[in-house]
Amino acid sequence: MRRLLSLSLLLLLPLLVQAQNVTWYISPGRSLAFIKPACSEEDLLRDYGSWNVERTTIPLDGASVPATVLFPHDDAKRVVLLWHDDAARRQLKAAILRGNHSFWRLPGNVTLGTPYRKLVETNARPVGVSAFGEQGGVQVSDWQNGQFARFDRFLDVRLDGYPAAPVNGKSRPLTHNTINEIRVFFPEPK
């Protein structure tokens, strides 16, 4: 019996390790890993169960909007979904990731917690930023024709903290800022 249990654990070990290295790729404007833009909250409930799907409203840019949270109990999987059809909660409009880490990944493995310098490296061009919000924050305002410029209409990336204030007339880089919010948008179905 003990030998059988040991053998079972050895066979399951690769699956447990693999589960810790989950990566769900996002293509802004096109796909959200395994979630189809044409899905509905009802589809998510059927596919992932009521424990993993939560109906809510969220504060967003000064308004309260209807939303669905997928994987609400797991910070690494959690994603907030907004709908083109709010009443029926169908046709994905946007996905919002917030926090310090996530399984969800943009091209180049950019995700929550990615440092500003890696974002710039992955973009292969400098990025323009601007400050927003009373609590501080930095929003990418211009991809400067870099790798992410192709997603311009469908991607909003925000970093923690304030833009570095100039010291003695010289600007300082955003070396300590990391991504803490990613908003991905999807076009309205035709």
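**Exercise 1. Work out whether Asp61 is buried or exposed, and where Asp61 sits.**

Start with the accessibility: Asp61 comes out at 62%, so Asp61 counts as exposed. The cut-offs here are under 20% relative accessible area for buried, over 50% for exposed, and partly exposed in between, with a 1.4 Å probe and protein chains only. This is a predicted model, so local features need pLDDT of at least 70 and side-chain atom pairs count only at pLDDT 80 or more, while totals for chains, interfaces and linings use all residues. Residues are numbered from 1 along each chain as its sequence is written, and side-chain values use heavy atoms, with hydrogens and water left out.

Next, the location. Asp61 is in the loop between S3 and S4. Strands (E, at least two residues) and helices (H or I, at least four) are DSSP runs, numbered from the N terminus.

Now the backbone. Asp61 has a positive phi of about 50 degrees although it is not a glycine. Most residues other than glycine have a negative phi.

**Exercise 2. Describe how S3 and S4 are joined and paired.**

Take the ranges: S3 covers residues 53-60 and S4 covers residues 63-70. Two strands pair if DSSP finds at least two bridges between them; S3 and S4 have eight, running in the antiparallel sense. For a landmark, look at Val53, which stands opposite Leu70 in S4.

Then look at the connection. With two residues between them, S3 and S4 form a hairpin, and Asp61 is in its turn.

**Exercise 3. Find which residue forms a salt bridge with Asp61, and follow the network from there.**

The term first: a salt bridge is a side-chain nitrogen of Lys or Arg within 4 Å of a carboxyl oxygen of Asp or Glu. The partner of Asp61 is Arg183, with the closest N and O atoms 3.0 Å apart. Asp61 lies in the loop between S3 and S4 and Arg183 in strand S11, so the pair ties together parts that are 122 residues apart in sequence.

Compare the two ends: Asp61 is exposed at 62%, whereas Arg183 is buried, with a relative accessible area of 6%.

Step on to Glu181. Glu181 also forms a salt bridge with Arg183, the closest N and O atoms being 2.4 Å apart. Both Glu181 and Arg183 are buried. Through shared partners, salt bridges join Asp61, Arg98, Glu181 and Arg183 into one network. Over the whole structure, a search finds ten salt bridges.

**Exercise 4. Decide how Arg46 and Asp43 are placed relative to each other in H2.**

Helix H2 spans residues 41-48, and Arg46 and Asp43 are three residues apart in it, so about one helical turn separates them. An α-helix has 3.6 residues a turn, so residues three or four places apart point the same way. The side chains of Arg46 and Asp43 meet in a salt bridge, at 3.3 Å from N to O. As for accessibility, Arg46 is exposed at 59%, and Asp43 is partly exposed at 22%.

**Exercise 5. Sort the residues of H3 by side.**

H3 runs over residues 116-123, and its buried residues are Tyr116, Leu119, Thr122 and Asn123. They cover an arc of only 125 degrees around the axis, so they are on the same side of H3; the arc is that of the directions from the helix axis to the C-beta atoms. Arg117 and Glu121 are exposed on the other side of H3.

What covers the buried residues? The cover includes S8 (128-131), S9 (138-142), S10 (155-159) and S11. Just after H3, Ala124 takes a positive phi of about 65 degrees.

**Exercise 6. Give the strand order of the open sheet that contains S1.**

The order is S2-S1-S7, with mixed pairing. S2 (31-32) and S7 (104-105) are the edge strands, each pairing on one side only. S1, residues 24-27, pairs with S2 in the antiparallel sense over two bridges. Within that pairing, Ile26 has Leu32 in S2 as its bridge partner.

Conventions:
Contact means heavy atoms within 4.5 Å.
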